[in-house]
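Biologist: I have a model open and want to learn how to read it. Can you take me through the features one by one?

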Amino acid sequence: MHNTLQTLLAAHNDLRRLVALLERQPVMRADPDDAHVGLLVDALSYLTQYPDTGHHVMEDHIAQRLRSCKALDPAQCSEIEVQHATLARQGRALLEDLEGALRKDTTSSELVSLNTRLYAERLRHNMAVEELVLFPAAQRTFADADWQAIKSANLLAVPDPLFHTHVQAQFKELHHAIAVDAGCGCDD
């Protein structure tokens, strides 16, 4: 498997750990008095900052290249791109709703929890589609020149601020919570 796909799959495994944490209570509670609410804020901030602006953009680039060489059904390429746009839109809306719930003025914490679960499920579905359709098509189709063109686009130039070797200070608590929850020993 090409190292670009290995990098994307590793990111999926990291995202699965984050999704697993999101699905557990009390992390999901949008309650300003809850000690864990910072984890929810950090998780949604991360998801709207990194996957939406790097990881998903790279996958869209792969889908577009597969579409241009007629190696993947255009409807499947479009589905992946629409999933990414939906995740980006829903992630931004969730952050706004979370702010309203924390101020206790525009959105209920229950609605934020339900929408966070929906978001997590959409993200999980998106990763499954990519692993079943997009990645195998790229592995089958792309030659070295294709991979070089994808690499030269430099879409993953910014290191992952949560799962990279050097976790950004903003995400250290979230990284620790994910590591503890996953029991992965990756909190070093």
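Biologist: How many residues does the protein chain have, and what percentage count as buried?

Modeller: This is a predicted model. The protein chain has 188 residues, and 45% of them count as buried. Buried here means under 20% relative accessible area.

Biologist: Which elements make up the protein chain?

Modeller: Seven helices and zero strands. Read from the N terminus, the order is α-α-α-α-α-α-α.

Biologist: What percentage of the contacts join residues at least 24 apart?

Modeller: Take the contacts between residues at least 6 apart in sequence. Of these, 75% join residues at least 24 apart.

Biologist: What is the general idea about which way helix residues point?

Modeller: An α-helix has 3.6 residues a turn, so residues three or four places apart point the same way. L44 counts as buried because its relative accessible area is 1%.

Biologist: Which residues is L44 in contact with, leaving aside its neighbours within four places in sequence?

Modeller: L94, L95 and L98. Look at L95 in particular. L44 and L95 are 51 residues apart along the chain, yet their C-alpha atoms are separated by 6.4 Å.

Biologist: And L39, buried or exposed?

Modeller: L39, also a residue of helix α2, has 6% relative accessibility and therefore counts as buried. Its C-alpha lies 8.0 Å from that of A177, a residue 138 places away along the chain.

Biologist: How do I check the length of a helix?

Modeller: α2 reaches 18 Å from its first C-alpha to its last, close to the 18 Å expected. Helix α4, residues 74-103, has 30 residues and should span 44 Å. The end C-alpha atoms of α4 are 44 Å apart, which agrees.

Biologist: How do I describe two packed helices?

Modeller: By the angle between their axes and the distance between the axes. Helix α2, residues 37-49, packs with helix α3, residues 51-68, at an angle of about 45 degrees. Their axes are 5 Å apart. α2 and α3 are therefore oblique to each other.

Biologist: Which residues meet where α2 contacts α3?

Modeller: From α2 come Y46, L47, T48 and Q49; from α3 come P51, D52 and T53. By class, this contact has three nonpolar, three polar and one charged residues.

Biologist: Now the ends of α4. Which residue caps its N-terminal end?

Modeller: D73. A side-chain oxygen of D73 lies 2.9 Å from the backbone nitrogen of A75. At the other end, α4 is followed by K104.

Biologist: What is the phi of K104?

Modeller: Positive, near 60 degrees, in a residue other than glycine. K104 sits in the loop between α4 and α5. Its relative accessible area is 60%, so K104 is exposed.

Biologist: Where does K70 lie?

Modeller: In the loop between α3 and α4. K70 has a positive phi too, about 55 degrees, although it is not a glycine. K70 counts as exposed because its relative accessibility is 73%.

Biologist: What about R92?

Modeller: R92 lies in helix α4. With a relative accessible area of 48%, R92 is partly exposed. R92 and Q49 are 43 residues apart in sequence and 9.7 Å apart in space, C-alpha to C-alpha.

Terms used: Residues numbered from 1 in each chain as written. Predicted model: local features only at pLDDT ≥ 70, side-chain atom pairs only at ≥ 80, totals over all residues. Heavy atoms only, no water. Axes fitted to C-alpha atoms, helices over the stretch in contact; angles between N-to-C directions. Helix = DSSP H or I, 4+ residues; strand = E, 2+ residues; numbered from the N terminus. Parallel < 35°, antiparallel > 145°, perpendicular 65-115°, else oblique. Contact = heavy atoms within 4.5 Å. Nonpolar A, V, L, I, M, F, W, Y, C, P; charged D, E, K, R; others polar. Expected span 1.5 Å × (residues − 1). Polar contact = N/O pair within 3.5 Å; in protein donor to acceptor, adjacent residues only side chain to side chain. Buried < 20%, exposed > 50% of the residue type's maximum accessible area, 1.4 Å probe, protein only.
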